[in-house]
Amino acid sequence: MLLRQLVSPVAQQLLCACITADMHMHNTCCACVGQLLCPNNITTTNVKDILPKEAYESVRKNMDKGILTGESSTARHDLMLDGVLHHYENRIFPLDKEYLLCMCRDISQQWEAEQTNAQQQKELKAARIKAEESDRLKSAFLANMSHEIRTPLNAIVGFSKLITYATSAEEKNQYSEIIERNSEMLLNLFNDILDLASLEADSLKFNIRPIKLIDICLQLEQQFCHKTQNGVKLILDDVDTDMYTSGDWNRIIQIISNLLSNATKFTPKGEIHFGYREKEDFVEFYVKDSGIGIPAARIATIFRRFGKVNDFVQGTGLGLTLCRMLVEKMGGRIWLRSQEGQGSRFYFTLPLVRQ
Ligand code: ADP
């Protein structure tokens, strides 16, 4: 008996058979939704002989379940017929101690509808998560930005008015320093937002070339050594002065500046060390501080947008997100280790250039 004779590729075909526990079929008939097609009366065919291995195993397993529980059981199996994959549902109904009724139904159309539905559900879920995330980001953006923009802007406007009434040169200098500092904060904030937008749109240009690392580090040491709090020492460790990486000069400066700026902001005592070393085909940079550290529960989210631990501390919570995106664009990765109250160590890698 050919499989095709039993299971002709008629949509919604129904195959009924009484089977014994050793899988011999009796009183088999094929029907097409209510209309009998080819009544057969086979007493010799074994299911094993007409079904491919995988489909047979599915039916066998389903049958064993029916025998074990004494209740009807449903499973699915696939069959390739004339090069077309059909999906079947096999239902087992235990009749008595000797016989089970097996019904096989072509559910290819239903299966396809289910797949489309599942795919649509998946897409809907992804769209919902994306919408919720962008809603959360929009709220976080507005909450953070309105504060971060207003504070320096108010200072600039306020002290620009006050400076005209200043009576001494000392007072004038003091006010102009405040205006300068707040203008710089505002400028950095807008630069961060614009960089982030360009990175997300994949339109930020990188001027990748070999970079001598010591030159970058000496420049940053000069820039940050007077910015630490309470006499905290900023130390550039002993490094290989002939090591090169491949990257964009300004972007590498931006990344290390961000890490050093955080280290100075969050380290009230002790020391800040920075430097780099060779690690296989990469240069591994580090900035280590003895500052307030980051709670373990926040470490995983710190590189996300607005991942601030304390909302009352000045900062947008965008710096580390930018660092991560810039490092990844230049072929590296960034991570950190930190212990609350003990300090933090930030690491990132960039490709090593061998001379
Ligand atoms: P921000 O511009 O607000 O500093 P970042 O993305 O650079 O934004 O940092 C996000 C948050 O990560 C900070 O608000 C702070 O809570 C935490 N953080 C970053 N660096 C350090 C550090 N060296 N020590 C302690 N906390 C840090």
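A polar contact is here a pair of N or O atoms within 3.5 Å; within protein, one must be able to donate a hydrogen and the other to accept it, and residues adjacent in sequence count only if both atoms are side-chain atoms. The model is predicted, so that local features need pLDDT of at least 70 and side-chain atom pairs count only at pLDDT 80 or more, while totals for chains, interfaces and linings use all residues. Residues are numbered from 1 along each chain as its sequence is written, and side-chain values use heavy atoms, with hydrogens and water left out.

View 1. A backbone N or O atom of Val309 lies 3.1 Å from an oxygen atom of the ligand, and a polar backbone atom of Gly317 is 2.8 Å from a ligand oxygen atom. A polar side-chain atom of Ser344 lies 3.5 Å from a nitrogen atom of the ligand. Taken alone, the ligand exposes 540 Å², of which the protein buries 96% (Shrake-Rupley method, 1.4 Å probe; for residues, only the protein chains shown count as cover).

**View 2. Helix 4.** Helix 4 (residues 108-163) has 56 residues and reaches 80 Å from its first C-alpha to its last, close to the expected 82 Å (1.5 Å times one less than its number of residues). Helices (H or I, at least four residues) and strands (E, at least two) are DSSP runs, numbered from the N terminus. Among its buried residues are Leu137, Asn144 and Glu148 (buried is under 20% relative accessible area, exposed over 50%, partly exposed in between; 1.4 Å probe, protein chains only).
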